[in-house]
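Here is a short note for your review. Please read it alongside the coordinates.

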Amino acid sequence: MTNIPDMSAVELLAAYRSKTLSPVEATDAVIARIEKWEPKLKALYAPDFGAARRAASESEKRWAKAAPLGALDGVPATIKENIATKGVPVPLGTAATDLVPAAADAPAAARLREAVAVILAKTTMPDYGMLSSGRSSFHPLTRNPWNLAWNPGGSSAGAGAAAAAGYGPLHLGGSVRLPASWNGIFTLKPSLGRVPVDPPYFGRAIGPMTRTVADSCLLMAELSKPDARDHMSLPPADIDWSAGP
């Protein structure tokens, strides 16, 4: 079998379905990869491996009954720091922000949780997302896994590094194009309004960051679901993201 942390979400879901691999085994393997490389990469913010392992255990029980609850049930994932997750402060990459726990999941985080992905951690970003690097006054300097002397691009610095390093197959980013190209991964910057954001803002875009196109298709099917908090959202559309042009 392929090294588990390097497996795509599509491969993991197929393995869960065939019972050749469990979400607990996948999550433990990814956490082991993180524990090996994170001291060098510094791509994560607010990891919660205890919660991730509990979620994986519940997912394992559902897959044992062939009854997954969501399209991403048991697949390890990370979320960019400025995409709010309930109970976790959102420093926006800067030491100038008061660390107040978020009151609710932002739309993209809510869709990931509804799809029952195993959320491992948030990922780092530069101050206010305004730099094309991983330099931050709050987070440690994030490095590129291909060469630790390189930076991973920004502003989704941690997400790009995490995806390339095998910190699970699914990652939510914001400014996605530079870190995708600098880390050798795939991403998609959706049209304004296709993926709801909160607060709504013309300069924000949230998209998938993965190692395969098929995994980004899986993520987009969830992220593009409507959310009333974004008044700039596009009308809901039944899009087959895997269909191609």
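This is a predicted model: local features need pLDDT of at least 70, side-chain atom pairs count only at pLDDT 80 or more; totals for chains, interfaces and linings use all residues.

1. Residues are numbered from 1 along each chain as its sequence is written, and side-chain values use heavy atoms, with hydrogens and water left out.

2. Helix α5 (residues 157–165) is largely enclosed by the rest of the structure, because eight of its nine residues are buried (under 20% relative accessible area, 1.4 Å probe, protein chains only). Helices here are DSSP runs of H or I with at least four residues, and strands are runs of E with at least two, numbered from the N terminus. The buried residues of α5 include Ala157, Gly158 and Ala165. They pack against α2 (23–41), β3 (118–123), β4 (170–173), α6 (177–183) and β6 (207–210), where contact means heavy atoms within 4.5 Å. Just after α5, Gly166 has a positive phi of about 80°.

3. The axes of α1 (residues 9–18) and α7 (residues 213–223) come within 8 Å and cross at roughly 75°. Axes are lines fitted to C-alpha atoms over the stretch in contact, with angles from 0 to 180 degrees between N-to-C directions. The two helices are therefore roughly perpendicular (65 to 115 degrees). Ala9, Val10 and Leu13 of α1 meet Ala214, Asp215 and Leu218 of α7.

4. One cavity of 30 Å³ or more is present (a set of points on a 1 Å grid over the protein atoms alone where a 1.4 Å probe fits but cannot get out). Its lining includes Arg194, Lys225 and Pro236.

Conventions:
On a 1 Å grid over the protein atoms alone, a cavity is a set of points where a 1.4 Å probe fits but cannot get out, and a pocket is an open set with protein on both sides within 12 Å along at least five of seven lines; lining residues have an atom within 4 Å of a point. Grid points are joined across faces, edges and corners, and a volume is the space filled by probe spheres set on the points. Buried means under 20% relative accessible area, exposed over 50%, partly exposed in between (1.4 Å probe, protein chains only). Angles under 35 degrees count as roughly parallel, over 145 as roughly antiparallel, 65 to 115 as roughly perpendicular and the rest as oblique.
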